[in-house]
Every structure is written in C-alpha cells, then in structure tokens.
Amino acid sequence: MKTPILEMKHIRKTFASTVALGDVDLNVYPGEIRGLIGENGSGKSTISSIAAGMQKADSGEMRYHGDSWNPVSMIDALSKGIGMIVQESGTIQGVSVAENLFLGETKQFPGPFGTIDRKAMNAKADEALQAIGVKNVSGATPMGALDFQTRKLVEIAKVVMKDPEILVVDETTTALSQEGRSILYTLMKKLRDEGKAVLFISHDLDEIMEVCDTLTVLRDGAIIRHFTKDEFDADAIRTSMIGRELQGDYYRSDYTPSHLEEVAVKAEHISLGEALQDVSITVYKGEIVGIGGLSHCGMHPLGKILFGAVKPDSGEVVTGDGVKITSETVAMKQAFGYVSKDRDVESLSLTASIRDNISIAGMEKYAVNNFLMLNSREKVYVDKQISDLSIKCADRDQAVSQLSGGNKQKVVFGKWIGRGSEVLILDCPTRGVDIGVKRAMYQLMTELKNEGKSIVMISEEMPELMGMSDRLIIMKDGKITHEFARSTSLSDAEIIQYMI
C-alpha cells in the first residue's frame, strides 16, 4: 500500500449558513490522477482550494509527507509542492506574460541601477511556455492581447514551472480548445509517471473516465464514493453525484428543426480583421442556432458583434424590424441578452451581490415610470429569478463570488431572462456547470424556444450543439464552412471534417 503524499482528515468549511464541507477525509497518492466530480456546490473546489492554500478550513488536519500542512497562501503552497490552476482567470491583464509568470519574483533578473533585466526575464518566460508546448506566445506579449484560452495556458505554465508534487486542476479544460487540452493532458500524465499526483476537477464525465486513474464523488459537502479505474461506470457515477437517476430528457427529444417565419436578427457580410471574413447568418424567432468550431474559428467574436459589444470592420447586424445593432445599449433596447464565455470578467460583478447582478439589467421592469426605484419591487423581481432558476444561495444579498460555478451561471441567465430578452446570445453557456445544472439549462432553452424566443448558442461542446440546435453552423478560419439541419443521423465525424 502506497503512503499518501497528502492526507486530509475531518476537514470542515462553512460559508455563512452553508456547509461547503462537513467532516471530509481525502488522501492523495503518488503516481495517480485522481478525479473529483460532483454537482456545483458539492465541495470539490473547496477541498482542493484548502489543500492548495487558497483558503483555510474551519477545522480538521492536513499532513504533507507526514508533516503538518498549513500553507498561508497559494504562493506558499506552490513553493512547497502543491500548485493549483484555478477555475476562472488567474492572470493580471495590465502587464506582460513574463511579468505574470514571475510576479513577485522579478528580483531574480537584476539589471543595472536596481532595474529588471526584462530581456532575461522574457527569455526565461519563453522557455517556460515552450516547455509545456506553447509556441505562439512570447514573454514580452501583453497579457491583455491574449484570448481566454491562451491566458489559461500561461497560468498552467506558471504553476508547472515550479515543478509541483501535486497539481490541482480546477475546471481548466472548459477554457481550452482540443489543442490546449492535449497540452494539459500530456503534462498530467508526465507528472503521474514521475510518481507525482494530480487532482483533476471536471464536470465532463467522459473526460474524467478517460484521463483519471481514480475518482472521488462529492455531494453536499461529503464524499459519497471512491471509484478505481476498473469500477468506472457512467450510470453509477451519475447516480452517486446526484443521489438519484436523472429523469426526463437531457437534450431536446425532438429531431425536427423548427422555427417561426419571422426573422429575429441578421448578420450581413460581417468582417473583423483576421477573425471574421464576410460572415452572414439569419436567426428566426423560435429557433436555436448552434455555432461550432475550434477555438480560434471566429465564433466568439461573432457573438460579441451580434450583441453590439464589438464593432465590425464591415457589415452590419440588423433585427427583423430593421433596427441596426450598433452598441450594447441598442441591443438591450431591442431585448437582446448576452452570456459571455468569460463569465467572471464580462458577465458578472463578483464583488457585488446576487441582487445587484440580476437587477442591474432589469431596472425598467421594476422601476416606477422608468425612474423611481422601489426596494420592495426590486426584491420581488430578484427573488423570482432565484426561485425560477433554483439558484442555491443564502439569500439575495450574498456575494456572487461565494457561489459555485453553476449558480454563478444561473445568476447570469437570470439577469437576461428576468428582463424578458427575446434574443439570447449564449457563448459556452454550460461551461463549468454540472450535469444537473446543464440539464436544467437545456430544458430552459427548449422552453424559451417554444415561447418564440431566439437563441444563438456558441459552443465548443459537440454533444450540446448536436443535441440542442435546429441548425448547426460550422466555422473555420473566420468563415462559415458548412451548415447542418437538425437530424438523428448527424454524426461527430461528419461535423468535424468542416472544423479542421
């Protein structure tokens, strides 16, 4: 029997009246990739963040190689052997890639007269990036010039260059393309083969079963079951996660594309630098249009343009009534809503409450004569979204930063659904949410479609594109390469050939 690298015993953590972890024991062994899976709020990120020094447990004991383990911060934990790649953004925008990689450590690159030798620092950053397989980014590159996926690869390089003995990967693959995922999987297997360990958190059950050696299921702040590789069974794992079998349809049960005759919105001859080249799409009322492709195909900028958040170099976005979408303000007046892939940066104010995040977009719904804000009406408006979307929270005034990923995403949906959005542009709408929340979101999308609302769903997940779309538009290199109608015969292989 192997001796564990890390032992966690009787770990307890609460947030206000919510028990995030209740008396949890977890061991991490050398030479394993241990998966952690569970619904949002199950405690998997909490237990990992305590091990990695992000936060303290209320009670319990941790031992690292037999010695007491009480890191004072993530930096302290990483310097001693446990590093974590966080779920959301862990980089600083206003500085370079190299400055992010060596934040707080620039003294190792001394220059004349007390300055920093930036050339040496950039060269060292290049080495760190190339060591994990990132070849198209340099240390001198401004972090703000990188997309979400590439920023996440920089975070991975920052942790891995410290050579941790335990690497914690918290929902990282949802931010990565297939190329980025391959880089991460290779690193994980390398660490395992070197006798180190990986704690891998994911909501993708297929991914978990493919890359992990062991699996721990959490539910409501408790460990429900440990699975070894030979015990992996999708139905048994799902039942352990939710405490019951999933009832009803997951994706849409119909396989006939349908929509109303009226146009909701049209994008005509849209071009944007190298990202988009003469792209035109039409979306009808009561239709779910899926847009898929590899990470840099142009679909994410297209979503921003549809909502008026980015101005194209040429072309225009027009509603069915002929109104040109020239800004976010115009889009909102035309009952558009937008859910960003980069949720914590672009869709939420993490320091604000649930109440503030939901109510800010719907003032005209509860204000008297579009002017007088009544506290009582605002509370009713917000509480309805919390109830309708089953947002798990202490109360409406809880900070959004304290919520799980799935409940954060529900807050974003509530912001737009509450104000009666007729056109929803959803960029990776189920990123970082569990199967129960995914199912609820898919059912909500189907209900909205049946009410005559229009949805543009941009996604890097093939199953949800095929499972939810009336039409599926595939993009590559900023152009539309093919369009598929909803069909039972549609296959992954058929679609992928138009992506690569």
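Visitor: Before we look around, what does "buried" mean here?

Guide: Happy to start there: a residue is buried when its relative accessible area is under 20%. Please keep in mind that this is a predicted model. With that cut-off, Y338, at 8%, counts as buried.

Visitor: Which strands pair with β8, and in what sense?

Guide: Let's take the two neighbours in turn. Strand β3 (residues 32-37) pairs with β8 over five bridges, and R34 stands opposite L199. Strand β7 (residues 166-170) also pairs with β8 over five bridges, with I201 as the bridge partner of D170. The strands asked for are β3, in the parallel sense, and β7, in the parallel sense.

Visitor: Are the faces of β8 covered or exposed?

Guide: In a regular strand, side chains alternate between the two faces of the sheet. On one side of β8 are A197, L199 and I201, and on the other V198 and F200, every one of them buried. Both faces are therefore covered, by the cut-off of under 20% relative accessible area for a buried residue.

Visitor: How many residues of helix α5 are buried, and what do they pack against?

Guide: Helix α5 covers residues 148-160 and reaches 19 Å from its first C-alpha to its last, close to the 18 Å expected. Among its buried residues are F148, L153 and V159. They pack against α2, β6, α3, α4, β7 and α6, and the count of buried residues is eleven of 13.

Visitor: How many aromatic pairs does the structure hold, and why is Y251 with Y442 called tilted?

Guide: The structure holds six aromatic pairs. For Y251 and Y442, the ring centres are 5.0 Å apart and the planes stand at 45°, so the pair is tilted. The two residues are 191 apart in the chain, Y442 being in helix α16. As for cover, Y442 is buried at 2%, while Y251 is partly exposed at 26%.

Visitor: What kind of pair do F307 and Y338 form, and which residue joins them in a cluster?

Guide: Their rings lie 5.5 Å centre to centre with 20° between the planes, which makes the pair stacked. F307 is in the loop between α9 and β14 and Y338 in strand β15, so the pair ties together parts 31 residues apart in sequence. F307 is buried too, at 3%.

How values were computed: Residues are numbered from 1 along each chain as its sequence is written. This is a predicted model: local features need pLDDT of at least 70, side-chain atom pairs count only at pLDDT 80 or more; totals for chains, interfaces and linings use all residues. Side-chain values use heavy atoms; hydrogens and water are left out. Buried means under 20% relative accessible area, exposed over 50%, partly exposed in between (1.4 Å probe, protein chains only). Helices (H or I, at least four residues) and strands (E, at least two) are DSSP runs, numbered from the N terminus. Two strands pair if DSSP finds at least two bridges between them. The expected span of a helix is 1.5 Å times one less than its number of residues. Contact means heavy atoms within 4.5 Å. Rings of Phe, Tyr and Trp (its six-membered ring) pair if their centres lie within 6.5 Å; planes under 30 degrees apart count as stacked, over 60 as edge-to-face and the rest as tilted.
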